[in-house]
Amino acid sequence: ETMKNILILPGDYIGPEVMAEAVKVLEVFKAEGEPIAWSFGHLGGAAYEAEGHPYPPSTQQAARAADAILMGAVGGPKYDGLPRAVRPEQGILGIRKDLGLFANLRPALAYEALAAASPLKPELIAGLDVLIVRELTGDIYFGQPRGRRKTADGHDEGYDTMHYSVPEIERIAHVAFQAARKRRRRLCSVDKENVLETSRLWREVMIRVGRDYPDVELTHLYVDNAAMQLIKNPRQFDVIVTGNLFGDILSDEASQLAGSIGMLPSASLDANNKGLYEPIHGSAPDIAGQNKANPLAMILSVGMMFKYSFGRTDLADRIDAAVRKVLQDGKRTGDIAQPGEPVIGTQEMGAAVVDALRTSK
Ligand code: NAD
Ligand code: IPM
Ligand code: MN
């Protein structure tokens, strides 16, 4: 077996805290003899402080050479005043673009043990299993031109450009249809076709690509309606495919079906399943440094890495099972605890997952 090299980018604020728990999971598998090795690099604010850039050349080289990347989260108030080009967020956008990680998979599951943690009624979310496929290297995030200028009558204005090309839409469409094929064969494409030219093109291409997947049922929703339907009747969805901006927003919304944004992992993949794995949440400055963050999204992201980059569904399944077990055992960080329930810290939650993993070999 060839050694798999993992680059770890802990990031900022709670990023390093949740990453420390993910590393404990790697250590369990390494001790079992799995051929994995890892090294650390800088991304985001930490990279700006250490090397003067949020995605410095050292990280770029290590990222290109790695078999997979784990990332915590970047950004925070300490860095909010920096010029946009060196803000931590440019680090994550930069690495996604540089490595061509165009396909972002964000699964949202309703864990039975967490039914009470969701603000939705338990009967609405029981058994829920939605996969959001978010396009990650296009859209208004990267479209040109963008910037600031003066209007003719002397006001400052800011502008961004929403942009999608046919090849960009085609490749994310194939990812989404193929994912749907492995699931319940229903794909809902979310756009704003009634208003936006990019969305008209998006919908045309989805329909055209859909002809290659007659076994998958393709439907379309406008994004405003989709946001509403996710709350009204989330179980109508199997796979959702959407653009970068809409996918960002809808996946934070979907995290509330699972009970907390601290529960949602993600995979960001290129055309060859090289991937970067990170929770969907941010650096949570409001709870950083207090051993409060929920590390489960980060730990579940490690599971996605084993599944998608290393073909090790067995290890991914063990991580999923360990997470289910600790939840069933009543382990709760603050974000998923009900009033009156005992709360444990980031490190204690990580340790509980490690215990469950060790006994599951
Ligand atoms: P956030 O996701 O960091 O936090 C939103 C809320 O969710 C906060 O109340 C936070 O405490 C809570 N939360 C988030 N993760 C949690 C966890 N694991 N456990 C428990 N509670 C958790 O979003 P924000 O506050 O809008 O952004 C904070 C910073 O993170 C910003 O600088 C933003 O740009 C950055 N950000 C980075 C990423 C990334 O690196 N991928 C993603 C989103 C936001
Ligand atoms: C995410 C984040 C990022 C995004 C930010 C930090 C650039 O919100 O990964 O969801 O918008 O993609
Ligand atoms: Mn986001």
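**Notebook: ligand shells, helices and loops**

I began with ligand 1, whose shell divides by class into eleven nonpolar, seven polar and four charged residues. I counted Ala, Val, Leu, Ile, Met, Phe, Trp, Tyr, Cys and Pro as nonpolar, Asp, Glu, Lys and Arg as charged, and the others, Gly among them, as polar. The model is a predicted one, in which local features need pLDDT of at least 70 and side-chain atom pairs count only at pLDDT 80 or more, while totals for chains, interfaces and linings use all residues. Residues are numbered from 1 along each chain as its sequence is written, and chains are lettered from A and ligands numbered from 1 in the order in which they are written.

**Ligand shells**

I listed the residues around ligand 1 and found 22, of which G75, G262, H281, G282 and N294 come nearest. A residue is near a molecule if its C-beta atom, placed from the backbone, lies within 6 Å of it. Helix 1 and helix 4 are the elements that give two or more residues to this shell. Helices here are DSSP runs of H or I with at least four residues, strands are runs of E with at least two, and both are numbered from the N terminus.

I then turned to ligand 2 and found G75, E89, I92, L93, D248 and I280 around it. Helix 4 (residues 88-98) supplies three residues, the largest share of that shell. By class I noted three nonpolar, one polar and two charged residues around ligand 2.

**Overall fold**

I noted twelve helices and twelve strands in the protein. Its radius of gyration is 20 Å, close to the 21 Å that the globule rule gives for 361 residues, so the protein is as compact as a globular protein of that length. The radius is taken over C-alpha atoms, and the rule is 2.2 Å times the number of residues to the power 0.38. Along the principal axes, the C-alpha atoms fill a box of roughly 65 × 50 × 45 Å.

I looked up burial next: 48% of the 361 residues are buried. Buried means 20 or more other C-beta atoms within 10 Å of the residue's own, exposed means 12 or fewer, and partly exposed lies in between, with C-beta atoms placed from the backbone. Of the contacts between residues at least 6 apart in sequence, 74% join residues at least 24 apart. A contact requires C-beta atoms, placed from the backbone, within 7 Å.

I checked the length of helix 1: its 18 residues should span 26 Å at 1.5 Å a residue, and its end C-alpha atoms are 26 Å apart, which agrees. The expected span is 1.5 Å times one less than the number of residues. The buried residues of helix 1 are I14, G15, E17, V18, M19, E21, A22, V25 and V28. They pack against strand 1 (4-11), strand 3 (68-73), strand 12, helix 10, helix 11 and helix 12. G33 follows helix 1 and has a positive phi, near 100 degrees.

In helix 12 I found T346, M349, G350, V353, A356 and L357 buried. They cover an arc of only 125 degrees around the axis, which puts them on the same side of helix 12. The arc is that of the directions from the helix axis to the C-beta atoms. Helix 1 (14-31), helix 10 (296-308) and helix 11 (313-328) are among what covers these residues.

**Two lysines**

I looked at K331, in the loop between helix 11 and helix 12. K331 is buried, with 23 other C-beta atoms within 10 Å. Not counting residues up to four places away in sequence, K331 touches V326, I344, M349 and A352. From K331 to I344 the C-alpha distance is 6.9 Å, at 13 residues apart in sequence.

K150 lies in strand 6. K150 is exposed, with 9 other C-beta atoms within 10 Å. Leaving aside neighbours within four places in sequence, I found K150 in contact with H155 and D156.

**Backbone notes**

I found a cis peptide bond from Q144 to P145, with omega near 0 degrees. P145 is in the loop between strand 5 (129-135) and strand 6 (147-150).

R185 is not a glycine, yet has a positive phi of about 60 degrees. I placed R185 in the loop between helix 6 (166-181) and strand 8 (186-191). N273, also not a glycine, has a positive phi of about 65 degrees. N273 sits in the loop between strand 11 (265-269) and strand 12 (275-279). With 14 C-beta neighbours inside 10 Å, N273 counts as partly exposed.

How values were computed. Two residues are in contact if their C-beta atoms, placed from the backbone, lie within 7 Å.
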